[in-house]
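Biologist: Hi! Could we go through the charged pairs together?
Modeller: Happy to, let me bring it up.

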Amino acid sequence: MNIDIIEKIELDSKKLVLILIVACTILYLDIALLFPAQLRSLKAADTKVSKLREEISQINKDLELLKNASLVKDNALASRLIIKEEQVPALLQTIFNKANERNVRIMQMKPIKEGKAKQAQGLTLISLDLLGDYHRIGAFINDLENSKELIAVKEFRMNNVPGDNFQQKAYFLIEAYVKK
């Protein structure tokens, strides 16, 4: 009986050594083969995370700039004048002066009477027939839309003058915002 017990212990110890050798082999293979691959994937993930953090930071900066730009735009729009009805002749003179500054000839300029709906919205339409070269007319439009009065070009047509490639005929319909 003692021999059986000793043989069992020997057999158990051999099994135990075999289990220990298999475990060490698995651990070695894990460290030698899988661990470096896992470290590489962690480094790649870390790189991606840092890039995402940088992009999020940049997006937040851009959003802040966009908010500031919209505030500046709102302030610029608020600083533009909505003229009174009595100031429409002065506005017409201002438009005439801006055209002269840009060497654009005004052939005809007249306020257009609109229906009650447009007047209720506070809009006055002004029709302009112009003559000038392309770039000067463009600069004139820019001057009008950036003037201190709240003006917008609603309709615009431009045609060549027959026989003169440098002159353009232009028709504008301008909306001026007028309060009563």
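**Salt bridges**

Modeller: The structure holds four salt bridges, each being a side-chain nitrogen of Lys or Arg within 4 Å of a carboxyl oxygen of Asp or Glu. This is a predicted model, where local features need pLDDT of at least 70, side-chain atom pairs count only at pLDDT 80 or more, and totals for chains, interfaces and linings use all residues. Residues are numbered from 1 along each chain as its sequence is written, and side-chain values use heavy atoms, with hydrogens and water left out.

Biologist: Which residue does Arg102 meet in a salt bridge?
Modeller: Asp143, at 2.7 Å from N to O. Arg102 sits in the loop between helix H2 (88-101) and strand S2 (105-112), while Asp143 is in helix H4 (residues 134-145), so the pair ties together parts 41 residues apart in sequence. Helices (H or I, at least four residues) and strands (E, at least two) are DSSP runs, numbered from the N terminus.

Biologist: And is Asp143 buried or exposed?
Modeller: Buried, with a relative accessible area of 15%; Arg102 is partly exposed at 32%. Buried means under 20% relative accessible area, exposed over 50%, and partly exposed in between (1.4 Å probe, protein chains only).

Biologist: Switching topic, what does Lys154 pair with?
Modeller: Glu175, with the closest N and O atoms 4.0 Å apart. Lys154 belongs to strand S4 (residues 151-161) and Glu175 to strand S5 (residues 164-179), so this pair links parts 21 residues apart in sequence. Glu175 is buried at 11% relative accessible area.
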